[in-house]
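Thanks for coming, everyone. Let me put the structure up, and then I'll walk through it.

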Protein chains: 4
Amino acid sequence: MCKISSEGPTIKVGVLGATGTVGQRFITLLANHPWFIIHALGASSRSAGKPYSKAANWKQSTPIPSIVRDTIVQECQPEHFKDCLIVFSGLDADGAFRSADLPVFSNAKNYRRDPHVPLVVPLVNTAHLVMIAQQQARHDPPLKKGFILTNANCATTGLVVPLRALEKAFGPVESCIVTTMQAISGAGYPGVPSLDIIDNVVPFISGEEEKLEWETLKILGNVVDGDNGLEAFDMRARQPLRVSASCNRVPVIDGHMMTVTVRFARRPPPSPQQVREALAAYTPDAPACPSAPVHAIFVHEEADRPQPRLDRYYQDGAGVSVGRVRQCPVLDVKFVVLANNVSIGAATSSIINAEVAVLKGIIH
Amino acid sequence: MCKISSEGPTIKVGVLGATGTVGQRFITLLANHPWFIIHALGASSRSAGKPYSKAANWKQSTPIPSIVRDTIVQECQPEHFKDCLIVFSGLDADGAFRSADLPVFSNAKNYRRDPHVPLVVPLVNTAHLVMIAQQQARHDPPLKKGFILTNANCATTGLVVPLRALEKAFGPVESCIVTTMQAISGAGYPGVPSLDIIDNVVPFISGEEEKLEWETLKILGNVVDGDNGLEAFDMRARQPLRVSASCNRVPVIDGHMMTVTVRFARRPPPSPQQVREALAAYTPDAPACPSAPVHAIFVHEEADRPQPRLDRYYQDGAGVSVGRVRQCPVLDVKFVVLANNVSIGAATSSIINAEVAVLKGIIH
Amino acid sequence: MCKISSEGPTIKVGVLGATGTVGQRFITLLANHPWFIIHALGASSRSAGKPYSKAANWKQSTPIPSIVRDTIVQECQPEHFKDCLIVFSGLDADGAFRSADLPVFSNAKNYRRDPHVPLVVPLVNTAHLVMIAQQQARHDPPLKKGFILTNANCATTGLVVPLRALEKAFGPVESCIVTTMQAISGAGYPGVPSLDIIDNVVPFISGEEEKLEWETLKILGNVVDGDNGLEAFDMRARQPLRVSASCNRVPVIDGHMMTVTVRFARRPPPSPQQVREALAAYTPDAPACPSAPVHAIFVHEEADRPQPRLDRYYQDGAGVSVGRVRQCPVLDVKFVVLANNVSIGAATSSIINAEVAVLKGIIH
Amino acid sequence: MCKISSEGPTIKVGVLGATGTVGQRFITLLANHPWFIIHALGASSRSAGKPYSKAANWKQSTPIPSIVRDTIVQECQPEHFKDCLIVFSGLDADGAFRSADLPVFSNAKNYRRDPHVPLVVPLVNTAHLVMIAQQQARHDPPLKKGFILTNANCATTGLVVPLRALEKAFGPVESCIVTTMQAISGAGYPGVPSLDIIDNVVPFISGEEEKLEWETLKILGNVVDGDNGLEAFDMRARQPLRVSASCNRVPVIDGHMMTVTVRFARRPPPSPQQVREALAAYTPDAPACPSAPVHAIFVHEEADRPQPRLDRYYQDGAGVSVGRVRQCPVLDVKFVVLANNVSIGAATSSIINAEVAVLKGIIH
């Protein structure tokens, strides 16, 4: 955690879908945020009008922050959020808030594939925020302050951080095969029935492999000049990257594990030791902001790490853990990744993205 | 289960390491075997002299078979097994039994790399039993009846069955990347501490990746003419196959899951549908024997199968389940495999191997 | 399993709620039943018209029995079941089938408190079937063949078997304090969210403690002469029994565990050894029937048994396991009970009840 | 946390058994302690001479505190601890340190039954510290500073806090029946094999029921005038209390749950509502000290709380949670208790005990 505003929190923020699992994470993180102060909480009409402590079926291991305990929950309509400078969203449908000229940091998947909406993993591609101006200009009517910025799928987030570090050090990765072992919290609440997952592995998560294979290209791609002199995401057209994902659900509460093997374009490829050093040395091209981890990637030396239960809370789950970096007999180098799906894989990403937007002067 | 001896069990067998986890599995399976009758049980000197029900810390979900309840456990010395036609072993050190001219079907890893000891997965390479004659001839002094035949590592077993089916249908597989999610029972008892695995994944199993990468080559290779006109395992020297394994322990009791992706030598490669059909149609080149599954490979059509808890007991765990056969964006085709590590991955394999040896006239 | 009809199954039965968890259990058990043959399967209108294999989200560890795979599922209306001699029900609302003069063996809770509906645990109180005649006579219009017979709550079932054994041997039990540790399968599917139960205990199951405290009185009570010379359940009015239950959900798939402590009316109370012997010797007052266990109660001698994972499948889950019988410093004697909630605690009970009804000539 | 020394830590402490599970907890808690500074770490001769980070197989979810990372581990001999004012012990045999005139706060069970060693739960009976003077005087030779003070078994700790609160408000409890559902961490590392506890409950923990039934009497009893005018523990001889315990291991990582039912001496007994209020209002008779919880007992109003996963970290695990207070049909009032076995049930208790000893002037 780098820089703490000395005056205390001053930026009013709202949370959409505040009673859901993602909303509860946003609230937990925002309750002690140095810049952001919770101003409005939105949920379904069933919850609206109730104090938050009655509306939410609180499932976090820390108590409901006292600061929101008695806050009256509103319906998710833009008028209730008009005094907010930032809206954090765990809702699928948050377009109306952008239309009301509100900046929306969305954890939902709906706008991720929109060609003008940045899909940003804060440890990777905050450069994509440059696209916001164009998104505002193309909106009808054009927007002054409003936009949508999405963060990535929780598993994708864990994958792209080390891939970005590798590409920064060694140039393009050409192919990547990843097998995930994903935590149940990734499915929300009630989510995965216990009868489906205790003493079991489910080798399928609907839509997840497609997200990993597609989102990775958008995140690791550049913003380039497109048609009509307008900017566009290149989706790795110039540096093709093929990703093959196999996604599994395992009986773990928090923390997505992945085995990853990659092939570099560069021949000869870097050695495992060079990879290890590049991962440990990686620093994102982003301004220093309060919720970002000190180490984007922690590289474990022990043979049996990272492990979800032991390593998911490191740096409050804001970094990514890598271990077992070694030669791959088929591609070049293989390793293991752990990312905390409920922190850097979800709400923490949205919040860092918002901090970056503040520092870049995009929020005002 | 194909052929049942009508006269009832007549072949006396012994079990080494009878009180351990593997030994308990052997006993459970042998208790109702149509051909084999348990004649001697061997364990450590601590257990020797006690009735089996007192010596074993029985951990199976079926009760101790009444047929062994009062059998007095012997020390693991060849003289106590001299009336046995077959010795099943869950012991690491079983060479002395071979020296005593006893046929040993070993679940241990010690002799798997011996250049004259077959490493046999019964659904794959019973043809390797041809090497037994040479093993006997080279022994000093030469053996008449004794030999060691090993079965494979539990994870390797699950991998080589579909690989063999694919090679039989489409020719050589060139490379294979596999990530395992292995059950705790694979580590024996007491094995994995609960503090290490509940709500967790451990991305490392000592020696396991090496076994998968090496044993696969021996099992899928041919027996060829070697030096001095003697036969030898070719270890895939003529049809190179590169295997890259990442092994993980997950909180599952029984049943090893794997995600597998392969590249064929043949261009263009077979389609996923062709692969599906070839897997379902696969029949091992082995004589029909009582403990072999009717279907070597069961191909699931549902998107979310196989799963350990639901599918591990199919055909008493003697077959292998495959699912999610689909295109791999990096190699050719990817799929999911489930093999019951305590059945086909362990004792069941040894027993089928012994049945095959009986049918081939190697036991007498 | 005592007596097997030599002619094979001849009694046509139907299953209501056939696609649900309880329905799947009924089908699994009925598929190989010596007397009963599945004739009709009923489910919601969403499933009706489909073959069973398409309609059911099959969650059992054995495959769908081939005998029902292509059976077309019907809506749950009596006309589709008119050729059935017995209807097994996992549905809450099964009264219409009784009105259609069908014998209904119900696993649901709706009629358990009806003063003319027997609540029967087959190892305990099949004598209560005598009430069926009165239930038929009081129906408007009176019924010839139809009735409802309910089996008990899954946790209650585990408790009343040893209590009945104790009362048979030592006279009335005066008070009983029971703490349950119940399996997730008791909540059906999807049932308990995994986020609520992995690495957790939930000290509350809605309505469960009331069921244990109330149902026990009906089951262990007698049928007595009531008003107008009609028979009635005495609800232990003459031999008061106070039950105090604390119910917990634990991360176990199948098998309800209970710690039980009792105080007898008789002074001095029996010793733990006498209790042990009485439990082991207990034989229900019921005709021998195919699905009943050979031993109603298995008494474990080991200090750490019974355990759900090791003991729940004993006798196909049709019996009850007791262990750790010892002095209670506050009441008289305490012990541990395990009952398989999906077998004797559910479908197995209904089926044995139906077998008893057949043997008593109540089904025709 | 009440009072924080403004000068920072100044009291040198040592940890015996520093590499074990309890030792790791001590170190985690002491690393940021306002008064205590880690001066010496003791472990087996196998670990001695190594830096702590190499000697310990660290299993906590927070990293090894940097303050001990390079501390060289010593053998557990008093001479290495002679500069410590306090020795925290996770070792069974710590008597030699007392003989060396060192104050030992022991988490081990060896001295708990010693008639001159206080057995102290800091939220309950710090008054028993008065016995230390006598312990010192009776030692041969008499001690000036050294003594042993033990904390209680982890399950006992959870039980006696609410019992003490009830006795303070309503007078003697006459009998208490408790069933525990205990976490695996209570057994240390490697502790419970995963094959024994995943999808399972083990209804036995060696020696645990005896500890609960015996320790409760010592903790809740008074110090009275004994023979020769010397003080003695009355073991509740004057206010008899019968405790009946049934102890179970469940697949929970941290946090012991208990169902408890009690009968008061007083007639009529308090109502559940009075009990609820008395528990919430309970304040220990102990000086305010830094590691003590603000609320000794948190009383939950929700029907399904406390739960280990959600409530074990409340107040850093230093308090006790109670819920579901309700009438017991057999005794008087029943409720559910959760205590974090690795915090208040272990190291946290020892540390609060030491803080109290400092405040009472017993450490100097």
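A disulfide here is a pair of cysteine sulfur atoms within 2.5 Å. Cys84(C) is also buried, at 2% relative accessibility. Buried means under 20% relative accessible area, with a 1.4 Å probe and protein chains only.

Before going on, the ground rules. This is a predicted model: local features need pLDDT of at least 70, side-chain atom pairs count only at pLDDT 80 or more, and totals for chains, interfaces and linings use all residues. Residues are numbered from 1 along each chain as its sequence is written, chains are lettered from A and ligands numbered from 1 in the order written, and side-chain values use heavy atoms, leaving out hydrogens and water.

Next, Cys328(A). Its sulfur has Cys176(B) as the closest cysteine sulfur, 10 Å off, too far for a bond. Cys328(A) counts as buried, at 4% relative accessibility. How many disulfides over all chains? The structure holds 0.

Now the symmetry. A rotation of 180° with 0.0 Å of shift along its axis puts chain A on chain B, RMSD 0.0 Å. The same surface serves both copies: 100% of the contact residues of chain A recur in chain B. Contact means heavy atoms within 4.5 Å.

Technical notes:
Copies are superposed by least squares on the C-alpha atoms of residues with pLDDT of at least 70 in both. Buried means under 20% relative accessible area, exposed over 50%, partly exposed in between (1.4 Å probe, protein chains only).
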